[in-house]
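Here is a short report for a first look. Keep the sequence and the 3D view side by side while reading.

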Amino acid sequence: MFGAVNALGEALVCQALHRGVKTQQRRREGPAAALLWQKPRSAAQQRHSVTAILSKMAGADGDDSLYPIAVLIDELRNEDVQLRLNSIKKLSTIALALGVERTRTELLPFLTDTIYDEDEVLLALAEQLGNFTMLVGGPEYVHCLLPPLESLATVEETVVRDKAVESLRKISQEHSPVDLEVHFEPLVKRLASGDWFTSRTSACGLFSVCYPRVSSTVKAEIRQHFRTLCSDDTPMVRRAAASKLGEFAKVLELDYVKSDIISLFTALASDEQDSVRLLAVEACVSIATLLPQEDLETLVMPTLRQAAEDKSWRVRYMVADKFSELQKAVGPEITKNDLVPAFQNLLKDCEAEVRAAAANKVKEFCENLPEDSREQIIMTHILPCVKELVSDTNQHVKSALASVIMGLSTILGKDNTIEHLLPLFLAQLKDECPEVRLNIISNLDCVNEVIGIRQLSQSLLPAIVELAEDAKWRVRLAIIEYMPLLAGQLGVEFFDEKLNTLCMAWLIDHVYAIREAATCNLMKLVEKFGAEWAQNTIVPKVLGMANDPNYLHRMTTLFCINALSEACGQDITTKQMLPVVLKMSNDQVANVRFNVAKSLQKIGPVLDSNALQTEVKPVLEKLATDTDMDVKYFAQEAISVLALA
């Protein structure tokens, strides 16, 4: 075996050396060129190469057990992308066969110097190398993984670079402090000062992982590199720096946060590119949590106020989207003085996207307000804006508000809800947009806790009926999913009087997904209202569908029986459901007959042994001789599962 591995290693060395001169030339041409690969091999060339490697192995000790490994290695250069991808995904197998020393000295240089490929192959390679620590000999040798990952961190495709950075961050934790300074930190510097913007963007994600574990001298250099990247000429680099600003701030000493990070934050928040400015808003949350309360007003708030009124809607959108996090970070006093007016402005923004993002945060913002002044702030400042949004011209804004407005009832209490919120709920239940009505209905439990759902019942029913008959089947499906919740809140009498007919109508909907959901809905209703209610209200109507001329509706009867049998219990299943199922075994449509077999298998465990032997078994035996293959198959399966053979 050792001789075979030696032969394999020789083959790899030959492959790497064969391209040594060209590799040096490519390195001089630029960072992307270092990954250039020789022309892909044809299938015939590959067979010849595998044969050559195997002949060396056989010459070594006559053992051909490494044939799969030889194939994997040769497939690294196959012209078929899928074969190369499969080989890369099994790189750990190749490394295990070579051993840690040969992986370090032969496989990794080969990958570093000769791999140039499709993005999906490079992505798989970047991911694999992040888990290679033990395959190169453990943490002591983990620095050997840096060269190939460094090359991958410079490629043009963003997802490959991101995965390479992710792997580098992962293995950085396995470096000792000494190795971090000797090997990892120089890599970060090379990337940060690279000629190509791709390498500089990758560097931004690596500063925070090495900073805490290096000496003060190296820390100063890292801070300087990060400052340089924050003012880079290329917007993509500044964007990458802005996205990592908060993360980097978290590992810095507080003095440097005040002296370095704040100035960078201010500069990035005033960048000419709105894509950079909006990322600075995200960093603001992290920075605000690091600073003492007394420093927030002078160091952070001027920039945050500027962002909330930025000329670009994307920046204002980001402020609205992060508003709850910002509110928690700056504390109650600044919230009252600064964030409440800012939030009002966002709710009234001229761009619908910003209003929708702010509307989505209404409940969360109100919950996080200081308790002593919460109700006063909501009633005076927030509720007037909410009332305007209820009749907004944009349906996405109204839909976003409808998804959270019900939550205000628990914050404001019964009296305020009835006086101020109830009219808004009723208006939204009559909204022309189905998503708005649906969002209100889906959050009814919030109101039910405070004022009871009866207050809404008169407006609720027309809204439910309209949604239940909506032309879009996904809207119908959504209202079905909320029906058990509504039933529990409205009570059995209201449900039987107003909604029972709807639930039965869904069982014969022309869309299968609706019929299936309606069946599950019936089961949940039976669990909520009990078997006696089912026996009197649901079961007769379901069994009546067994005589429907449409075979799809007859099949729905069987699906309902499958779902209801366990919830209804043995008595109802045996006396009312089983006779109907047995009668349907004579149905003219084969699909119905094989579903009878499946239903008998499903309800069998609920029945007693006497019913199984005297009623179920004869029918299944008859179906097992049916002319239709599927009917036979499912009948035989049911006989086997129920042990009736």
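How many cavities of 30 Å³ or more does the count come to? The count comes to 1 cavity. The model searched here is a predicted one.

## The cavity

The largest cavity holds about 30 Å³ of space. Its lining is made of Arg223, Phe226, Arg227, Phe248, Leu252, Asp260, Ile261 and Leu264. Helix 14 and helix 17 (254-269) are the elements that give two or more residues to this lining.

By class, 5 of the lining residues are nonpolar and 3 are charged. The lining has no polar residues. The general idea behind such a search is simple. Rolling a probe the size of a water molecule over the atoms shows where empty space is left.

## The chain as a whole

The protein chain has 40 helices and 0 strands. It runs to 645 residues, and 56% of them count as buried.

Contacts along the chain can also be sorted by sequence distance. Take the contacts between residues at least 6 apart in sequence. Of these, 69% join residues at least 24 apart.

## Aromatic pairs

The whole structure contains 13 aromatic pairs. One of them is formed by Phe207 and Phe226. Their ring centres are 5.6 Å apart, with 90° between the planes, and the pair is edge-to-face. Phe207 lies in helix 13 (residues 207-210) and Phe226 in helix 14 (residues 216-230), so the pair ties together parts that are 19 residues apart in sequence.

Are Phe207 and Phe226 buried or exposed? Phe207 has 1% relative accessibility, so it counts as buried. Phe226 is also buried, with a relative accessible area of 1%. Another edge-to-face pair joins Phe529 and Trp533. Trp533 is buried at a relative accessible area of 9%.

Elsewhere, the charged end of Lys598 sits over the ring of Phe634. That charged end is 5.0 Å from the ring centre.

Phe594 is in helix 38 (residues 590-603). It is buried, with a relative accessible area of 15%. Leaving aside residues up to four places away in sequence, Phe594 touches Asp630, Val631 and Phe634. Phe634 is the residue whose ring lies under the charged end of Lys598. Phe594 and Leu623 are 29 residues apart in sequence, while their C-alpha atoms are 8.0 Å apart in space.

Ile572 is in helix 37 (residues 570-583). Its relative accessibility is 5%, so it counts as buried. Which residues does Ile572 touch, not counting those up to four places away in sequence? They are Ala531, Gln535, Val539 and Met577. Val539 is 33 residues from Ile572 along the chain, and 8.9 Å separates their C-alpha atoms.

Helix 21 covers residues 313-321. Its buried residues include Val315, Arg316, Met318, Val319 and Ala320.

Against which helices do the buried residues of helix 21 pack? They pack against helix 18 (274-290), helix 20 (301-308), helix 22 (323-330), helix 23 (332-347) and helix 24 (352-359).

Thr625 sits in the loop between helix 39 (609-623) and helix 40. At 61% relative accessibility, Thr625 counts as exposed. Thr625 and Ala635 are 10 residues apart in sequence. Their C-alpha atoms are 8.7 Å apart in space.

Ala643 is in the segment after helix 40 (629-641). This residue is exposed, with a relative accessible area of 60%. Most residues other than glycine have a negative phi. Ala643 is not a glycine, yet its phi is positive, at about 55°.

Technical notes
Residues numbered from 1 in each chain as written. Predicted model: local features only at pLDDT ≥ 70, side-chain atom pairs only at ≥ 80, totals over all residues. Heavy atoms only, no water. Phe/Tyr/Trp six-rings, centres within 6.5 Å; stacked < 30°, edge-to-face > 60°. Helix = DSSP H or I, 4+ residues; strand = E, 2+ residues; numbered from the N terminus. Buried < 20%, exposed > 50% of the residue type's maximum accessible area, 1.4 Å probe, protein only. Lys NZ or Arg CZ within 6 Å of the ring centre and 35° of its normal. 1 Å grid on protein atoms, 1.4 Å probe; cavity = no way out; pocket = protein on both sides within 12 Å on 5 of 7 lines; lining within 4 Å. Points joined across faces, edges and corners; volume = space filled by probe spheres on them. Nonpolar A, V, L, I, M, F, W, Y, C, P; charged D, E, K, R; others polar. Contact = heavy atoms within 4.5 Å.
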